[in-house]
2 protein chains.
Amino acid sequence: MQKKLGRQTVKFESPTKIIGAFSSVGTKEAQGPLGEYFDKRFSDDKMNQSSFEKAESELLKTTVLGAISKAQLRFDDIDYIFSGDLLNQCISTTFAIKDFGIPFFGIFGACSTMCEGLSLGSMAIDGGFAKNVIAVTSSHFCSAERQFRFPLEYGGARTPTAQWTVTGSGAVILSGKGDGPSVTHITTGKIVDMGIKDANNMGAAMAPAAADVIKTHLLETDRSPSYYDLIVTGDLGKVGMDINKELLKKHSIDIANNYSDCGDMIFDADKQNTKSGGSGCGCCGSVFCGYFMKQLKEKKLNRILLVATGALMSTTSSGQGLTIPGIAHAVAIENTGG
Amino acid sequence: MQKKLGRQTVKFESPTKIIGAFSSVGTKEAQGPLGEYFDKRFSDDKMNQSSFEKAESELLKTTVLGAISKAQLRFDDIDYIFSGDLLNQCISTTFAIKDFGIPFFGIFGACSTMCEGLSLGSMAIDGGFAKNVIAVTSSHFCSAERQFRFPLEYGGARTPTAQWTVTGSGAVILSGKGDGPSVTHITTGKIVDMGIKDANNMGAAMAPAAADVIKTHLLETDRSPSYYDLIVTGDLGKVGMDINKELLKKHSIDIANNYSDCGDMIFDADKQNTKSGGSGCGCCGSVFCGYFMKQLKEKKLNRILLVATGALMSTTSSGQGLTIPGIAHAVAIENTGG
């Protein structure tokens, strides 16, 4: 059987099952429209830690432990953990998982990390290199805000295109056997740079990469958008969603009827003053693991295309006047039975 | 055939070939003991760019283009590129490769990145997901120094245990067919944290992870150290090498007779005032791709175990008083013929 469909898409021979998933969020996310779906809702955004960075590690750690427990496994049953986050040198990940003793591949895809982990984890299972794998990521509003923008105390005003970094984490356990939705295809993205330089408009920077990978996925799998119950982007927000739809329309691809975005869903933008929507690795991570996994398990949805999107920049690159290249990875998750 | 030997080691069914390799370095590295082996020696550490960060991107870009050219391939022939670096949010990678149009998996393993890329790239080939893959990494003294330590103009004094970040990059092309040394086994490391907090002693922070993965590799492959012509760590430097040897001796593993370290080899510590030795993702990258690949191709060495080592910390984690956890990944590279 041919595993590769075109250059970017892999079709798995025996689809990898998602046998466990767990999501953890902070207070604002718990108060949002999806609040009830998250597995762990912290009542304190510092998670009883002495710094925001340690809080984010605690969030990620809680999420990994929750996912392992849900899948009824032990640390020793896990062959690899794929994890990454937004903090410099991915320290949320390091300090969360350092004592678990699980072979570790660090990944960096900015907010595309959830789908990068799902992709590499599924390859590890399908390739026969692992029985069980964890893919996890996190973000935290307070640690991201002070690293990428301003001290919280500064109280900077936000532009209408700005997004609100989600305090959240999502983890899945992938396995070659067991019950759960299947990862049937992955389409790995290329970097797309349309020259956007406005660090307060990440949706616009990432939308071209999302459109590119969705177009490629549909072409290489020979599927139409309507094959999926829902196409879900990671954190384009309202501004990026519109751009994504418009870019796809230019290629005669209409996703308007079955399209959602985790960043648009997680907050009530008007009531919660989150402008264009949520963002951060933990946005797609917590919404997929919290909300969509439950929809899939309850068969309310049976086929989704999850497209996490990342903005590949740093404060240094923006400070030096460089653009914000985007990347997006698509993962098809389906109830295949069996 | 069993692909997994124990929990951490994969034995590849049909070993992945390294069909092309390229190394690029800065001026100090070119003047060092291995100078003649590097494929591209820049005569200006700014690589004709307007910032050190852009210079590092230029270094990585030159290296990828060199490797692709050596393997006589085109961009379209490459299924995936695995790349990461030390700069915040891996911007050296992003701006180096953004226009190549190659499906991209960003990785972060600090200075273990060369072996992380070799590992994941080999899995992609062996699993049937790719025909050709690039694994690449870089570091630059000037961009690292100002991000992690002090402005260069400050002229900070160095402790005897300090290491000198290598201005260098290394890239390999992995393929399912063709000529070249083979990646026969990978042993993926766990994070090891022995409580070291001294950011001027990275060798001590990383050595326990190196010892752990070497011990595990030998145990799971049922090989003795003497099976290898050479066991090569990434950038432990003189201080870390001694700790590594001592830790292994406690497990009755003696590597004293066939052990080298890229960080120890790349500079003449006395003449070049580099204290404990070289470090950075580009240290293992450039020394493996520049020096060791030529030794393997000329059959001066036929079996090496490459163990790149990473220190998983940031200025924030060190500033908050946290430890420096280490990680190391081992990759067996052998002339298997055929």
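Is A:Phe129 buried or exposed? A:Phe129 is buried, and its relative accessible area is 0%. That residue returns below, in a pair of rings. The model described here is a predicted one.

**How the copies are arranged**

Two copies of a chain are related by a rotation about an axis and a shift along it. Here, chain B is superposed on chain A by a rotation of 180 degrees, with 0.0 Å of shift along the axis. The RMSD of this superposition is 0.0 Å. The two copies are thus related as by a two-fold rotation axis. The contact surface fits this picture. Of the interface residues of chain B, 98% are also interface residues in chain A, so the copies meet through the same surface.

**Aromatic rings**

A pair of aromatic rings is described by the distance of the centres and the angle of the planes. Over all chains, the count comes to 20 aromatic pairs. One of them joins A:Phe75 and A:Phe100, and this pair is stacked. A:Phe75 sits in the loop between α2 (52-70) and β4 (80-85) of chain A. A:Phe100 sits in the loop between α3 (91-97) and β5 (104-106) of chain A. The pair therefore ties together parts that are 25 residues apart in sequence. A:Phe75 is partly exposed, at a relative accessible area of 29%. A:Phe100 is buried, at 8%.

A pair of another kind is made by A:Phe129 and B:Phe12: their planes are at 75 degrees, so the pair is edge-to-face. A:Phe129 lies in the loop between α4 (113-126) and β6 (132-139) of chain A, while B:Phe12 lies in strand β2 (residues 9-25) of chain B, so this pair joins two chains. B:Phe12 counts as buried, at 2% relative accessibility.

| Ring pair | Centre to centre | Angle between planes | Type |
|---|---|---|---|
| A:Phe75 and A:Phe100 | 4.7 Å | 25 degrees | stacked |
| A:Phe129 and B:Phe12 | 6.0 Å | 75 degrees | edge-to-face |

Rings also gather in a group. A:Tyr37, A:Tyr291 and A:Phe292 form one aromatic cluster.

Charged side chains meet rings too. A:Arg303 lies over the face of A:Tyr227, 3.9 Å from the ring centre. B:Lys28 lies over the face of B:Trp164, 4.1 Å from the ring centre.

**A buried phenylalanine in chain B**

B:Phe82 belongs to strand β4 (residues 80-85) of chain B. Its relative accessible area is 0%, so B:Phe82 is buried. Which residues is B:Phe82 in contact with, leaving aside its neighbours within four places in sequence? Among them are B:Phe105, B:Ile107, B:Leu120, B:Ala124 and B:Val133. The list also crosses to chain A, with A:Leu120. B:Val136 is another contact of B:Phe82. Those two residues are 54 residues apart in sequence, yet 6.4 Å apart in space, C-alpha to C-alpha.

**Cysteines without disulfides**

A disulfide is a covalent bond between the sulfur atoms of two cysteines. How many disulfides are there over all chains? The count comes to zero. The cut-off for a disulfide is within 2.5 Å. B:Cys115 is in no disulfide either. Its nearest cysteine sulfur, that of B:Cys284, is 4.8 Å away.

Both of these chain B cysteines lie inside. B:Cys111 is buried, with a relative accessible area of 9%. B:Cys115 counts as buried at 0% relative accessibility.

Technical notes
Residues are numbered from 1 along each chain as its sequence is written. Chains are lettered from A and ligands numbered from 1 in the order in which they are written. This is a predicted model: local features need pLDDT of at least 70, side-chain atom pairs count only at pLDDT 80 or more; totals for chains, interfaces and linings use all residues. Side-chain values use heavy atoms; hydrogens and water are left out. Copies are superposed by least squares on the C-alpha atoms of residues with pLDDT of at least 70 in both. Contact means heavy atoms within 4.5 Å. Buried means under 20% relative accessible area, exposed over 50%, partly exposed in between (1.4 Å probe, protein chains only). Helices (H or I, at least four residues) and strands (E, at least two) are DSSP runs, numbered from the N terminus. Rings of Phe, Tyr and Trp (its six-membered ring) pair if their centres lie within 6.5 Å; planes under 30 degrees apart count as stacked, over 60 as edge-to-face and the rest as tilted. A charge sits over a ring if NZ of Lys or CZ of Arg is within 6 Å of the ring centre and within 35 degrees of the ring normal.
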